[in-house]
Amino acid sequence: MARSFVGEARKRVGPKRERILPIIERLRAEHTDAGIALRFRTDVELLVSVMLSAQTTDVNVNRVTEHLFEKYRRPEDYLAVPKEELEQDIYATGFFRQKAKAIRGTMAMLIEEYDGRVPRRIEELVCLPGVARKTANVVAAELGEPQGVVVDTHVRRLSQRLGLTRHDDPVKIERDLQRLVPREHWGIFPHLLIWHGRRVCIARAPRCLDCVLLDLCPSSRV
Ligand code: SF4
């Protein structure tokens, strides 16, 4: 019964290859302000912000980095203080010991191998201590060179609801999205889903009646 309902819904909205561009266009028109919410001025600040954003909100990270980035301006600055001092300075972002260790390790590697600069390639970024694929994807996309599609909790939920993937594992979802979403949209696409997920397609109670994707979504509850 449930199965045939899903099948019917998929037939109603049509194949995902035909829906993906209208989905992107409508979300772009709807969320003109979609973009990274973290505040930074340099590539190093971007990398540190994204590393700090694990398991906490962007608002919280911005509150901490507002002061942090006045004190720590270059990679060397993170290594010039005792580790306990950096831990204290990022305490409010949670998991502060782990994050301080990762940031110091990453800064040391930037200095040793990249002349203090942030590398652009995903393969290089994921070799930095404490930098996972999602962090690397966010950083590369913000630096103007997206090489993958960021999959967070909103991207996962919306991709599933919109019938763009049948998977649950972020790596497999990313693979599906890379095949489906034209490369020039890889950078903006996750932001569009994240903002739509926060404002309209909310986890517990999606607001389908207010959704611009209503006729393109096999999960619409209307
Ligand atoms: S129609 Fe409903 S389930 Fe589909 S994307 Fe919009 S809010 Fe989410």
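How many of the residues of helix 9 are buried? In this predicted model, in which local features need pLDDT of at least 70, side-chain atom pairs count only at pLDDT 80 or more, and totals for chains, interfaces and linings use all residues, seven of the 10 residues of helix 9 are buried, and the helix is mostly covered. Residues are numbered from 1 along each chain as its sequence is written, and side-chain values use heavy atoms, with hydrogens and water left out. Here buried stands for a relative accessible area under 20%, exposed for one over 50%, and partly exposed for values in between, computed with a 1.4 Å probe on protein chains only. The buried residues of helix 9 are Thr135, Ala136, Asn137, Val138, Val139, Ala140 and Ala141, and what covers them includes helix 3, helix 8 (122–125) and helix 11. Just after helix 9, Gly144 adopts a positive phi of about 90°.

The protein as a whole contains 12 helices and zero strands, where helices (H or I, at least four residues) and strands (E, at least two) are DSSP runs numbered from the N terminus. Its C-alpha trace spans about 60 × 30 × 30 Å along the principal axes, and buried residues account for 48% of the 222 residues. Of the contacts between residues at least 6 apart in sequence, 60% join residues at least 24 apart, a contact being heavy atoms within 4.5 Å.

Pockets were located on a 1 Å grid over the protein atoms alone, a pocket being an open set of points where a 1.4 Å probe fits, with protein on both sides within 12 Å along at least five of seven lines, and lining residues having an atom within 4 Å of a point. Grid points are joined across faces, edges and corners, and a volume is the space filled by probe spheres set on the points. The largest pocket holds about 880 Å³ of space, and among its 35 lining residues Val50, Ser53, Ala54, Asp58 and Lys134 are the closest to its centre. At least two lining residues come from each of helix 3 (43–52), helix 4 (58–71), helix 7 (96–114), helix 9 (133–142), helix 10 (153–161) and helix 12 (188–199). By residue class, this lining consists of 17 nonpolar, 12 polar and six charged residues, with Ala, Val, Leu, Ile, Met, Phe, Trp, Tyr, Cys and Pro counted as nonpolar, Asp, Glu, Lys and Arg as charged, and the others, Gly among them, as polar.

The second largest pocket has a volume of about 220 Å³, and its lining includes Arg133, Lys134, Asn137, Asp152, Arg156 and Glu174. Two or more residues of this lining are supplied by helix 9, helix 10 and helix 11 (170–180), and the lining as a whole divides into five nonpolar, two polar and five charged residues.

The ligand is surrounded by Arg161, Leu162, Cys201, Pro206, Cys208, Cys211, Cys217, Ser219 and Ser220, a residue being placed near a molecule if one of its heavy atoms lies within 4 Å of it. Six of these shell residues are nonpolar, two are polar and one is charged. Ser220, which belongs to the segment after helix 12, is buried, with a relative accessible area of 13%. Its side chain makes a polar contact with that of Arg12 at 3.4 Å, a polar contact being a pair of N or O atoms within 3.5 Å of which, within protein, one must be able to donate a hydrogen and the other to accept it, residues adjacent in sequence counting only if both atoms are side-chain atoms. Apart from residues up to four places away in sequence, Ser220 touches Arg12, Cys208 and Leu214.

Several individual positions complete the description. Glu45, in helix 3, is buried with a relative accessible area of 5% and, neighbours within four places aside, is in contact with Phe40 and Phe69. Pro119, in the loop between helix 7 and helix 8, is likewise buried, with a relative accessible area of 5%; beyond its neighbours within four places in sequence, the contacts of Pro119 include Leu110, Tyr114, Leu128 and Leu143. Asp115 lies in the loop between helix 7 and helix 8, where its phi is near 60°, a positive value in a residue other than glycine, and Asp115 is exposed, with a relative accessible area of 60%. Gln55, in the loop between helix 3 and helix 4, has a positive phi near 65° and is exposed, with a relative accessible area of 66%.
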